[in-house]
Amino acid sequence: MTAAKHSTADSDYIDHGRKVLAIEQAAIAALTSAINEDFARACAIMMTCKGRVVVTGMGKSGHIGGKIAATLASTGTPAFFVHPGEASHGDLGMITAQDVVIAISNSGETHEVLAILPVIKRLGVPLIALTGKPDSTLATLADVHVSVAVAEEACPLGLAPTASTTATLVMGDALAVALLNERGFTANDFALSHPGGSLGKRLLLRVSDIMHTGERVPKVGADAIVTDALMEISRKGLGMTTIVDEQDQLLGLFTDGDLRRILDQRVDIHHTAIANTMTTQCVTARPEMLAAEALKLMETRKINGLIVVDGNKKVVGAFNMHDLLRAGVV
């Protein structure tokens, strides 16, 4: 069979799609000049905010505003979105004198946004405007204006917000990340607002949350022979066993891989002491280690399981890759 050829219509679709990307890429690149003193002032206002950042915008700008508010909230800056139309019918009560308002309007003349400015001004709430028109009403009334102007929309009619909404979204990300860095926001902080799903599990789970403990930890004494170790590996199902002294301090480790190695060497497993075949310099984990760190360690060392020890090298747990998979860390 021969490969299907693109029709003329297919070619047109591809050309139009690529032109949109080129226009929006140019719009983003041009934003570099807008990361200036005004941008820094906007960040400083939000950093000193004792309340929350309230984002507002109408239509497509409103959709972008909702995303900006969500990004701010998830990266350490308390924020929420207020629809300007609803704000005029009661929702303005959600804004307090301790807050900061980010108002988004490409034209800077959106009626629903301008209608709520008198109340914002009366409250003395700092106003940050994101517009494409620095001489617009919204821009001139704002305490800080951050430009999101674009040379052209990707829409060939110049009507549908396309490049302008992309530029606004990117500027919102730039503000949020600049604040994140200034706050010293960490992965653990991020996880606290994202406890659900695999992201929260990767960031919040610790080894102590997933490891096997007590009788489920494979152990044999230093006087055991290889067959004793094999039986313990089979009973506990982790593909390994620890070798411990009378105080449960770790002396060594014996794994399925070690078994294959000694069988290749024709070692007599019925009479050979496990102390003569165990690995003494074994990789271990601590209970307080993040599960994600343990996964990275296992991937780096190319091992399928880890023994968990306390500060005195006493064996307190064990786990393998299957446990990480069940916990949703992998």
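Buried residues, meaning those under 20% relative accessible area with a 1.4 Å probe and protein chains only as cover, make up 42% of the 330 residues in this protein. What you have here is a predicted model, in which local features need pLDDT of at least 70 and side-chain atom pairs count only at pLDDT 80 or more, while totals for chains, interfaces and linings use all residues. Residues are numbered from 1 along each chain as its sequence is written, and side-chain values use heavy atoms, leaving out hydrogens and water.

Let's start with the overall form. The protein has 15 helices and eleven strands, taken as DSSP runs (H or I of at least four residues for helices, E of at least two for strands) and numbered from the N terminus. Its radius of gyration is 30 Å, well over the 20 Å that the globule rule gives for 330 residues, so the protein is more spread out than a compact globule. That radius is taken over C-alpha atoms, and the rule is 2.2 Å times the number of residues to the power 0.38. Along the principal axes, the C-alpha trace spans about 90 × 65 × 35 Å. The accessible surface comes to about 17,500 Å², with 55% of it belonging to carbon and sulfur atoms; these areas come from the Shrake-Rupley method with a 1.4 Å probe. If contact means heavy atoms within 4.5 Å, then 63% of the contacts with a separation of 6 or more are between residues 24 or more positions apart.

Now for the inside. In soluble globular proteins, nonpolar side chains tend to be buried together. A nonpolar core is counted here as a set of buried Ala, Val, Leu, Ile, Met, Phe, Trp, Tyr and Cys residues joined through side-chain atoms within 4.5 Å. The largest such core has 28 residues, and Met46, Leu72, Ile102, Ile128, Leu130 and Met171 touch the most other members. At least two residues of this core come from each of α2 (37–47), β1 (53–57), α3 (60–74), β3 (100–104), β4 (127–131), β5 (144–147) and α8. A second, separate core holds 17 residues, among them Val82, Ile95, Val101 and Leu127.

Ile128 sits in strand β4 and is buried, with a relative accessible area of 0%. Leaving aside neighbours within four places in sequence, Ile128 is in contact with Ala42, Ile45, Met46, Val100, Val101, Ile102, Ala103, Val144 and Val146.

Leu175 and Leu179 lead us to helix α8 (residues 163–183), where both are among the buried residues, as are Met171, Ala176 and Leu180. An α-helix has 3.6 residues a turn, so residues three or four places apart point the same way. With 21 residues, α8 reaches 30 Å from its first C-alpha to its last, close to the 30 Å expected at 1.5 Å a residue, where the expected span is 1.5 Å times one less than the number of residues. After α8 comes Gly184, which has a positive phi near 70°.

Helix α12 (residues 226–236) has Val226, Thr227, Ala229, Leu230, Glu232 and Ile233 as its buried residues. Their cover includes β6 (219–221), β7 (240–244), β8 (250–255) and α13 (256–264). Thr227 has a relative accessible area of 16% and touches Ile269 and His270, not counting residues up to four places away in sequence. This helix, too, is followed by a glycine with positive phi, Gly237, near 70°.

Most residues other than glycine have a negative phi. Arg266 has a positive phi near 60°; this residue lies in the loop between α13 and β9 (284–285) and is exposed, at 77% relative accessible area. Lys313, with a positive phi near 65°, is found in the loop between β10 (305–309) and β11 (315–320) and is partly exposed, at 47%.

Finally, the cysteines. Cys155 counts as buried at 15% relative accessibility, and Cys282 is buried at 17%. A search of the whole structure finds zero disulfides, a disulfide being a pair of cysteine sulfur atoms within 2.5 Å.

Note on methods:
Buried means under 20% relative accessible area, exposed over 50%, partly exposed in between (1.4 Å probe, protein chains only).
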